[in-house]
Amino acid sequence: MDWILFGPPGCGKGTQAERLSASLKLFHFSTGDVLRENVAQGTALGRQAGAFMKRGDLVPDDLIVAMARDKLSQPAVAARNGVLFDGFPRTIPQAEALEKAMGELGRRFGGVLALEVNDEEIIERLSKRGRADDTPETVHARLAVYHKQTAPLLAYYRQRDQLAVLDGVGSMEEVEGRLRKAVEGRNKGRGEEHQACGH
Ligand code: AMP
């Protein structure tokens with residue numbers, strides 16, 4: 001079963017995605033991590049994406065969708081219980097492309113786990129993180145991009161009854177607990193066996 005971990009930049013998605021993917025044996029697919037690897041290696045994708053990332057803008061949908069399709073067809077993905085998408089989809093066209101690709105590949109979708117964290121907290125967390133694209137200007141740009149282009153996905157998935165909204169403020173363990181509960185809840189709701197391991 002595949003899941004989307006959703007939330008504004010700096011909401012703790014990356015850390016939670018690592019923990020959740022380990023405990024549920026999911027393939028952790030962070031588009032940001034894959035893009036940064038490509039930038040570091042100077043690939044064609046990295047050269048195309050780098051400028052957008054530096055500004056805090058989204059990388060164009062066609063590049064992201066091609067990258068995601070490529071990733072989903074890799075054997076490393078098939079070896080896991082599912083995929084945990086982290087930082088993807090970020091636009092409605094990406095969500096539509098993901099739905100189509102998952103249908104073609106016969107993948108099952110568990111739902112969207114959305115972490116809610118308010119803007120002041122986000123700005124505070126991002127200014128402490130110190131990543132190359134975490135300058136004050138970029139932080140504000142990324143937050144604006146999130147509200148304009150990414151937040152509309154909440155309504156998109158709510159309409160499809162595929163959304164669980166969770167409080168993203170709290171200790172790492174508290175937030176992780178909420179996420180695991182939401183996964184269990186949605187698995188039960190489908191009358192399916194809970195696939196989680198590690199407890
Ligand atoms: P992240 O690590 O998820 O914060 O992503 C870092 C940067 O990579 C973002 O600010 C975007 O420029 C780019 N990026 C990552 N994922 C996506 C995506 N799904 N669509 C467009 N751009 C993305």
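Predicted model: local features only at pLDDT ≥ 70, side-chain atom pairs only at ≥ 80, totals over all residues.

The protein chain has ten helices and five strands, where helices (H or I, at least four residues) and strands (E, at least two) are DSSP runs, numbered from the N terminus. Its radius of gyration, taken over C-alpha atoms, is 16 Å, close to the 16 Å that the globule rule gives for 199 residues, so the chain is as compact as a globular protein of that length. That rule is 2.2 Å times the number of residues to the power 0.38.

Residues are numbered from 1 along each chain as its sequence is written, and side-chain values use heavy atoms, with hydrogens and water left out.

Along the principal axes, the C-alpha atoms fill a box of roughly 45 × 35 × 30 Å. Of the 199 residues, 48% are buried, meaning under 20% relative accessible area (1.4 Å probe, protein chains only).

Let us turn to the interior. A nonpolar core is a set of buried Ala, Val, Leu, Ile, Met, Phe, Trp, Tyr and Cys residues joined through side-chain atoms within 4.5 Å. The largest has 31 residues, and I4, F29, L35, F85 and Y157 have the most contacts inside it. Helix α4 (residues 61-72) gives this core its largest share, five residues. Apart from it lies another core, of 22 residues, with L20, L115, V139 and A164 among them.

Technical notes
Buried < 20%, exposed > 50% of the residue type's maximum accessible area, 1.4 Å probe, protein only.
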